[in-house]
Amino acid sequence: SSRGWTLLDTMADDGLVDALASIMATADASARDACVTMLHKLLNNVLLHPTEPKYRRIRETNPKIASTVLAVEGSRELLMSAGFSADGDSLVLGDSAGVSGVRAALAALNRPEAVLAARQRALAAPAPQAAAANGNSPANGSGSNGVAVAPPQAQLPTPPAPAAPAPPA
């Protein structure tokens, strides 16, 4: 995309996806929504003011942060995956840390269902080693553009033709 990142880029960090899955699994919808809203605000502030130190530090002892964000499992891990690191009672995005992790976290928060669905598809796909073991590899010509091909499925037996109606007696 023109922004230099895509939704699929977020899949590169399993920690981010694990954190997002934990947040989205929160049973209390109002707590989850409040957490996601606050995470959006925190991460957007970093993008809007990337050189402003106050937006690159999140005090874990702040009552609003503690009760809204950190009370939801996975939120701290999501911030860590975005590039924040622990520094005393705060999470800090260091001066040398870029904002690509913040962008990836925002992309994941904006489309959590798509990110989690993409992970399910990736987990369901056969591993490249398994495809190669089955003889399906680009090296032997059975793959297309480096994509492994699934082995052919067994043929199901053809159902018998319907019986002809019996002649009238």
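Colleague: Where is Glu60 found?
Modeller: Glu60 sits in the loop between β1 (57–59) and α3 (63–69), helices being DSSP runs of H or I with at least four residues and strands runs of E with at least two, numbered from the N terminus. This is a predicted model, in which local features need pLDDT of at least 70 and side-chain atom pairs count only at pLDDT 80 or more, while totals for chains, interfaces and linings use all residues. Residues are numbered from 1 along each chain as its sequence is written, and side-chain values use heavy atoms, with hydrogens and water left out.

Colleague: Why does Glu60 count as buried?
Modeller: Its relative accessibility is 18%, and buried means under 20% relative accessible area, exposed over 50% and partly exposed in between (1.4 Å probe, protein chains only), so Glu60 counts as buried.

Colleague: What makes the pairing of the side chains of Glu60 and Arg76 a polar contact?
Modeller: The distance is 2.6 Å, and the term requires a pair of N or O atoms within 3.5 Å; within protein, one must be able to donate a hydrogen and the other to accept it, and residues adjacent in sequence count only if both atoms are side-chain atoms.

Colleague: How do you know that the reach of α6 is close to the span expected?
Modeller: Helix α6 (residues 112–124) has 13 residues and reaches 18 Å from its first C-alpha to its last, and the expected span, 1.5 Å times one less than the number of residues, is 18 Å, so the reach is close to it.

Colleague: Which residues of α6 are buried?
Modeller: Pro112, Ala114, Val115, Ala118 and Arg119 are buried in α6, and their cover includes α1 (14–24) and α5.

How values were computed. Contact means heavy atoms within 4.5 Å.
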